[in-house]
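Subject: Structure for you to look at

Hello,

Here is the structure I promised. Please open it next to these notes.

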Amino acid sequence: MRKSTSDSSMEHLIYTKDTDTTTGQNEIKQTNWRSRMLFKSFPMRESHHTTPQRKSYRPTTEEVTQWAQSLDNLLSSKYGLTALRLFMKSEHCEENIEFWMACEEFRKIRSRSKLRSRAKTIYDEFIRADSPKEINLDFHTKETLHQSLLILTQSSFKAAQSRVYFLMEHNSYPRFLDSELYHQLCRIAAGER
């Protein structure tokens, strides 16, 4: 596995995988746990190279450009979500994106027992005072959440998730678009180094 750029934050995002076409064996050299995790996460796109066959793990220029259109576009892109998570982690506010993602998964749960169990986990991890990843919610949003948890539904965390989305949209997202990470991703997607 070769890094396509030398920047330390980018080393976790951009990779190429060489396949030896004669043996079918993949040459994968991974230097850390993030490399392994991200390598497994990204869909492969074929490039226009010949032997050995290369598969690229990077967004297209169009995809990166769409990220600047709205936070929704960024969050709906698997690659964009990963880039935003890495950026927010570097800014020590990853609890917001993790909470938002947990709420997205929560809304997909159909089983009542799983809803109850997952709601407790989300509450203990993100809402409870002094929890490890406590998110910043105002009193009104917390009260609304407490009421919605009395009769548990898939939308019980909706008010809190909307509040966190608002905070990300007005704080983290603009900073992400101004970040060196985003500008580097734009250059890489355009084929520059």
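Asp130 counts as exposed, at 72% relative accessibility. Exposed means over 50% relative accessible area, buried under 20%, and partly exposed in between (1.4 Å probe, protein chains only). Asp130 sits in the loop between helix H6 (112–127) and H7. Its phi is positive, about 65°, although Asp130 is not a glycine. Most residues other than glycine have a negative phi. His92 also has a positive phi, about 60°, and is not a glycine. His92 is exposed, with a relative accessible area of 67%. Look for His92 in the loop between H4 and helix H5 (94–106).

Some ground rules. This is a predicted model, in which local features need pLDDT of at least 70 and side-chain atom pairs count only at pLDDT 80 or more, while totals for chains, interfaces and linings use all residues. Residues are numbered from 1 along each chain as its sequence is written, and side-chain values use heavy atoms, with hydrogens and water left out.

Confidence comes next. pLDDT is the predictor's confidence in each residue, from 0 to 100. The protein chain averages 78, and 70% of the residues score at least 70. Over residues 1–54, pLDDT stays under 50. The model has 102 contacts beyond four places in sequence for that stretch; a contact means heavy atoms within 4.5 Å.

Now the overall layout. The protein chain has nine helices and five strands. These are DSSP runs numbered from the N terminus: helices are H or I with at least four residues, strands are E with at least two. From the N terminus, the order is β-β-β-α-β-β-α-α-α-α-α-α-α-α. Of the 193 residues, 40% count as buried. Among contacts with a separation of 6 or more, 57% come from residues 24 or more positions apart.

Aromatic pairs are worth a look. The structure holds six of them. Rings of Phe, Tyr and Trp (its six-membered ring) pair if their centres lie within 6.5 Å; planes under 30 degrees apart count as stacked, over 60 as edge-to-face and the rest as tilted. Phe87 and Phe176 have ring centres 5.7 Å apart and planes at 65°, so this pair is edge-to-face. Phe87 lies in helix H4 (residues 78–90) and Phe176 in helix H8 (residues 158–178), so the pair ties together parts 89 residues apart in sequence. Both Phe87 and Phe176 are buried. Phe176 also pairs with Tyr182: the centres are 5.5 Å apart and the planes at 55°, so that pair is tilted. Tyr182 is buried too. Elsewhere, ring pairs link Phe99, Phe106, Phe126 and Phe157 into a cluster.

Tyr182 leads on to helix H9 (residues 180–189). Its buried residues are Leu181, Tyr182, Gln184, Leu185, Ile188 and Ala189. They cover an arc of only 160° around the axis, which puts them on the same side of H9. The arc is that of the directions from the helix axis to the C-beta atoms. Their cover includes helix H2 (61–67), H4 and H8. Gly191 follows H9, and its phi is positive, near 90°.

Last, Ser156. This residue is found in the loop between helix H7 (139–150) and H8. Ser156 is buried, with a relative accessible area of 2%. A polar atom of its side chain lies 2.9 Å from the backbone nitrogen of Thr153. Not counting residues up to four places away in sequence, Ser156 touches Phe106, Leu145, Ser148, Leu149 and Ile151.

Best wishes

How values were computed: A polar contact is a pair of N or O atoms within 3.5 Å; within protein, one must be able to donate a hydrogen and the other to accept it, and residues adjacent in sequence count only if both atoms are side-chain atoms.
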